[in-house]
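Try each task before you read its solution.

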Amino acid sequence: MSDLRNGEYFDCGEIATADELRSARWQAVSEVVGAAFDDLPFYKNLWTTHGFHPSPAVTPDDFARIPLVRKLDLVSASRQRRSAFSGVEAMLGLNPSNLVMTSGTSGFHTFAALTGHDLDGAGLLAQARELWTMKVRPGMRVLSISPAWHALGLYETRALTEIGAIPVMPSGTLTPRFVGDILNAVDQLKPEHLLVTARAIRMLLEECDRRKLDAREVFRNVRYIGCAGEPLSLPFREHLRDRFELEDVFERGGSGDGMFGGAECFAHRGHHVSADVHFVEIVSPMTGEILGEGERGTALVTNLTLGRSVYIRFDTEDVAEIVPGPCPCGRTHPVVEFYGRLADSIVIADRVLAPGDVRLALDDVPATRFLSFAMVSDGAEGLVIGLQGAEELAPGELSESATGTATRLGVPVSIVPAGVETTGWKEARIKRPGGRG
Amino acid sequence: MDPLPTWLQAAITRAPLYGNLLKRGWPTHCHEVDDLETVATNMDDPLGGRGDPAQSPVVYSQVAQDLALYWGLDAADLERTALTLADSWRDLGIQSGDRVGFYDYSSSPLVAYASRAFMPHLDRGAADVLTCLPICNDGLPELAERCAHILEYVQPSTLFIEADAVDPLLRVLDKATPRPDRMVVTADDRLVSTDKINEWQQTMGTTVRQMLRCDTALFFAPPCAYDPLTFHPSVTGFRVEAVDLDPADGSPSPGRIAVTNLAVRSSVVVRYLTSFHGVVRSTQCRCGRNGPQVTIL
């Protein structure tokens, strides 16, 4: 990792050839799968039940026979043991240093364990690459509110340290209650980079407006924003660049389940995922078939290192695709584009329409740009979008947006007024009733 | 009292706040939050004049919610503060191998200094020092169910909880939810009444203790095992005085509790006046501890 400090753009692993990555991947897969079968009760039980016994050298064909792990499998294991330890903890004989948990999208917060081996090793490497890709640099003031309950927050803490950035940390968390504190920190301490969520950015803009502040003045030192939480449309990015006079806006993020993530580079094609730390596959949510580059399905992740809770062929239930072709930035690791949660998506005519698709389509039309929405129903007639503030739009604007959205999505679309209490689809998901947190 | 350490005397001469204090007959260097805000405004200094220009902070963190003041701290400050927190944990009875839960924001000093994975540039947090296993909820009251979930599945022996989160948690707990061995309540710059602590203890069915905490001085102290209103601040981390602000009164104590922070040097905290009134004694406490003891009145 030391080469990150001296201004190198890449570490050597990021530009490995496809052959090198493939070879290293299957070697790591063999080690992880072998260790899981030998030492981890969850996998031993699951695989034995499904008649899978790994060979010492796992081939791609072997690997494809490994049964998928779903969130509910982990929930069930945790419930049966009544323990945060569900049997996926590959601690290498070390004591766990931290426990983290997921946001609970399946109605149950699962837990994961980390060790110093991972926090100083592969987990750190992947996160440091992510921050570096987004232009976080040594000595740079970076606003960060990394939650201490989330694995990616812990990795972010260590990666900021490793890079030698100077974190700026407001009180609280990324919710409306603390938006004043966040804005004050931006104004007073003048960070060059913000690591936040899209929702937080919207809150900050609203707070500037409420205080009648010139956002360009408040954000005068901010050059970059790294946004997690939801896909960013091109109009939204341009809006942020204009309002804050930014050099660039990066989409980032990943999954607390599976504990992996990545960020866009300047090419904005999708998230660079470290292929020597995590192996991402895309499968059809309908058939389980492994899909090729450019095909949309749900992302499976396999962690390629131990010293942490290990996820093997874990279905993140995130709608995603691997973006084909080389990236102009020069990194050789796969670029994965994420569109949103499968549970929030709608399947019409065998097509998975994710909230991110709707967001991108609505933002293409000025009248519906950035308005909150909900995907209300999936009737046979097509997609119905409930749009906050739709009643204030002229009939022509509404029909223009519906037509544009339908063209972009390739399905019939109708837009109806709806009371959407939150500021985006991500928050609507988080606040869904019934204990889904 | 003993003179201030040499390094601190030198730091006072550099930190702008202390040259700007022209107090109303107060003891030397005594100040409160208004002084920090005044210097912050007049000098356009987010550190409120407490920054030592001879040091190079590696982290800036907000002093307290709704207060536009910040700490500028270097790695040694972070480590000393974490060691001070580890001392508090030991006093509370937390041991190696314990699981420690938090129902508070990750920006709270009592959380942030608990793990090197919570605070950038921190080499060892209190949990790392004591080899404990920390897990953090967030601090929002609406996340009480998630804290109950932690109690059920992680079964921490100690739960640190911000005072405002206790009632929301109690509302969602059922009888079958495992209780921690101890629940440690904290509130910034205020104490929860003993009656309330006792009520929580009865409802919770577990030991409930309270720490003394003042974020504006980056100060915390664990409670005495015998007297819930007496606290034992770390002698290496803090120097604590009861400052009588009325010279006509004549009696040296009780007074307002003033904190000098010996753990942080990049930001200089000398005689910060907390809102607590009390007495500071240096005789042996009946719990057996030596060193300063703060009894809040």
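**Exercise 1: a sheet in chain B**

Solution. Pairing requires at least two bridges found by DSSP. Strands are DSSP runs of E, at least two residues; helices are runs of H or I, at least four; numbering starts at the N terminus. Within this pair, R256(B) has H277(B) as its bridge partner. Next, the sheet: five strands of chain B, open, antiparallel, in the order β10-β14-β13-β12-β11. β10 (230-231) and β11 (238-243) of chain B have a single partner strand each, so one side of each lacks a neighbour in the sheet.

The model is predicted: local features need pLDDT of at least 70 and side-chain atom pairs 80 or more, while totals for chains, interfaces and linings use all residues. Residues are numbered from 1 along each chain as its sequence is written, and chains are lettered from A and ligands numbered from 1 in the order written.

**Exercise 2: across the chains**

Task: describe how chain B meets chain A.

Solution. Start with the count: 35 residues of chain B contact 35 of chain A (C-beta atoms, placed from the backbone, within 7 Å). β1(B) gives the most to the chain B side, with five residues. Then check the pairing: strand β5 (residues 166-169) of chain A runs parallel to β1(B) over two bridges. There, M169(A) stands opposite S61(B).

Conventions:
Two residues are in contact if their C-beta atoms, placed from the backbone, lie within 7 Å.
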